[in-house]
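Hello,

Here is the structure for you to look at. My notes follow below it.

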Amino acid sequence: MFTAAEYKSTVQDRISFGGNFRKFRYAGTELSLMPNADSLGSGSRDLQEAQGLFFEQWRVWLGVFEKTEHSLPDAAFKLGANWEISEDDGASWFGAFILKPPIRQPQWYECIFARFLAGANLTVSYSVGQDTYSTVEGNRVEDTVPAQFTAIVGQQQRPTDLSLPGTPASSIYLEGYHIEPKVAPAVNKQQKLAATLNGVAGEFIVLPTVQPSAGQNAGTGDVVKGVFLVKGV
């Protein structure tokens, strides 16, 4: 079993041979020894994450000694912890988070880090009630104002238990994340709402969605699922 000193020496040797090492910092504190960070690329899909294809990911080994030497809190080594990574020796940094619960080894934590890559490609329009009412043709109707949300979505396999009578076979099942606002707004579920997908006009039906537990979608907005119907098809 490695001692902390032996582990540090091994890491230093690999750095000198050009291994996949990057600078990491937590809450402004930079680690004294760059950890090994093997790129897993983007587009990978894990059944435990609804939208793995929107992440760039790394498998990272964080030395246990770093926690003590830098007085890092336990929260820094848990699911959802927000870190920063530099791939150009500290010239620039980007935010990333721990995507899965770390695996504790004697001298290091094996972690999967990720950053959210995508930009919005879905815009959905809806109405927000104002708790005031007007009379329209003798009927009392709540006043509303227009609103919209944006999201990044991708086409996924349609769930076998999804039943939406009246939707055409050409409808597209989508999953993704809210961009603006990041928190899912209160909209009528299973109602056709005006929308555009990659610039194509249509309608979007928002489906009820259970949000993942805390930490599993750190760095992203709430999960969104629904069906898009192309206008005129």
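Contact here means heavy atoms within 4.5 Å. This is a predicted model, where local features need pLDDT of at least 70, side-chain atom pairs count only at pLDDT 80 or more, and totals for chains, interfaces and linings use all residues. Residues are numbered from 1 along each chain as its sequence is written, and side-chain values use heavy atoms, with hydrogens and water left out.

Start with R22. Leaving aside residues up to four places away in sequence, R22 touches M34, P35, A37, S39, W58, I85, S86 and E87.

Next, the rings. The whole structure holds eight aromatic pairs. Rings of Phe, Tyr and Trp (its six-membered ring) pair if their centres lie within 6.5 Å; planes under 30 degrees apart count as stacked, over 60 as edge-to-face and the rest as tilted. One cluster consists of F24, Y26, F77, W83, Y109 and F113.

Two arginines sit over ring faces. R115 is over F94, 3.9 Å from the ring centre. R140 is over Y133, at 4.0 Å. The test: NZ of Lys or CZ of Arg within 6 Å of the ring centre and within 35 degrees of the ring normal.

Best wishes
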